[in-house]
Amino acid sequence: MKKIVKYAAGALVAAALALPGGAFAQDKDAKATIGVSIPAATHGWTGGVNFHAQEAIDELKAAYPNLDFVLATAGDPGKQVSDIEDMMATRNIDALVVLPFESDPLTSPVKRVADAGKFVTVVDRGLSQPGIQDLYVAGDNTAFGRVSGEFFKEKMPDGGKIVVLRGIPTTIDNERVEAFQASLEGSNIEIVGMEHGDWNRDKAFEVMQDFLSKHSEIDAVWASDDDMALGVIEAVKQAGRESEMWVLGGAGMKQMIERVKAGDTMVPADVTYPPSMIATAIRLTADRFVSRAPMAGRFVIDSVLVTPENADEHYYPDSPF
């Protein structure tokens, strides 16, 4: 998958993504134990996170036999805290890659890892205290909202009525929605309804049913997530209103990319927020130990509009997401 990368504070080097090999000297005899703590596959996107994490670990273990990895998945913050404490106590990890289940409960445990002198990489959901991690890897939520809004303006040059499904109330969701609304400025697109669908297919189905009952005219839907988009599509189908509107989700779910590739008029595009960012984080962390490349700062993966023309670049046939 092509990654569009933005660099911020620190001397982070993109060549690390080419592991193994690349522009920097590699040390195949380097020894380190890297802990990877991620949420369990509770929905489609985290299912993709699990898939790409395991794939990256398998590739790195084959390339660097002296690197050891400890992968743990958690269905709640308490389990994730316990997993990290166990990695420190029983595996003596040299580095931690963590995608926090929630920011607040994970901040103190991760800080203890950093205070012990371990290299810390935080992915996607930041911690509630700044400056703890050495490396931060995430998608660009502002770009996610902006790219989505720009597609609506392009697709609806004469304006129209749309409804919006937000995610879970978080800073991430706020960034997306604010950027989306800002990108619509100057258009004649009217948001006639906006509700939280919690990045959940069933909740999105219920929210969309309510929108359909309230609004006789809806030209398009920003579902802002592929799981929610599937719930929206099902509600629209059950109401017999498929011909009236189209839906834009986001994250790059395999099922949605397939529909874009096929030219499905109800799913004309998608916006990436790749769960494969966990693989980027693991590879960059490994490179901290096997090369001279400096690994500190921020690595932000931009959001890309997926259309029939470039859908093949964003399609992972073996991924569960």
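Which helix gives the most to the lining of the largest pocket? In this predicted model, that element is helix 5, which contributes four residues. Helix 5 spans residues 171-183, and the pocket to which it contributes has a volume of about 1000 Å³.

The lining of the largest pocket comprises 38 residues. Those nearest the centre of the pocket are Asp124, Arg125, Thr170, Ile172 and Trp199. Several secondary-structure elements supply at least two lining residues each, namely helix 1 (44-63), strand 6 (135-139), helix 4 (141-155), helix 5 and strand 12 (297-301). Both domains take part in the lining: domain 1 (2-140 + 274-303) and domain 2 (141-271) each provide at least three residues. By class, the lining of the largest pocket consists of 14 nonpolar, 15 polar and nine charged residues.

Rolling a probe the size of a water molecule over the atoms shows where empty space is left. The structure contains one cavity of 30 Å³ or more, and the volume of the largest cavity is about 80 Å³. Twelve residues line this largest cavity, with Ala251, Gly252, Pro274, Pro275 and Tyr316 the closest to its centre. The lining of the largest cavity includes seven nonpolar and five polar residues, and no charged residue is found there.

Helix packing was considered next. Two packed helices are described by the angle between their axes and the distance between the axes. Helix 1, which also supplies at least two residues to the lining of the largest pocket, packs with helix 9 (residues 277-290), the axes coming within 7 Å and crossing at roughly 30 degrees. Since angles under 35 degrees count as roughly parallel, helix 1 and helix 9 are therefore roughly parallel to each other. The crossing in which helix 1 passes helix 9 is right-handed.

A second pair is formed by helix 6 (residues 201-214) and helix 7 (residues 226-238), whose axes lie 7 Å apart at an angle of about 40 degrees. Helix 6 and helix 7 are therefore oblique to each other. A right-handed crossing is likewise found for helix 6 and helix 7.

Notes. Residues are numbered from 1 along each chain as its sequence is written. This is a predicted model: local features need pLDDT of at least 70, side-chain atom pairs count only at pLDDT 80 or more; totals for chains, interfaces and linings use all residues. Side-chain values use heavy atoms; hydrogens and water are left out. On a 1 Å grid over the protein atoms alone, a cavity is a set of points where a 1.4 Å probe fits but cannot get out, and a pocket is an open set with protein on both sides within 12 Å along at least five of seven lines; lining residues have an atom within 4 Å of a point. Grid points are joined across faces, edges and corners, and a volume is the space filled by probe spheres set on the points. Ala, Val, Leu, Ile, Met, Phe, Trp, Tyr, Cys and Pro count as nonpolar, Asp, Glu, Lys and Arg as charged, and the others, Gly among them, as polar. Domain bounds come from an automatic or database domain assignment. Axes are lines fitted to C-alpha atoms, for helices over the stretch in contact, and angles run from 0 to 180 degrees between N-to-C directions. Angles under 35 degrees count as roughly parallel, over 145 as roughly antiparallel, 65 to 115 as roughly perpendicular and the rest as oblique. A crossing is left-handed if the near helix is turned anticlockwise from the far one by less than a right angle, and right-handed if clockwise.
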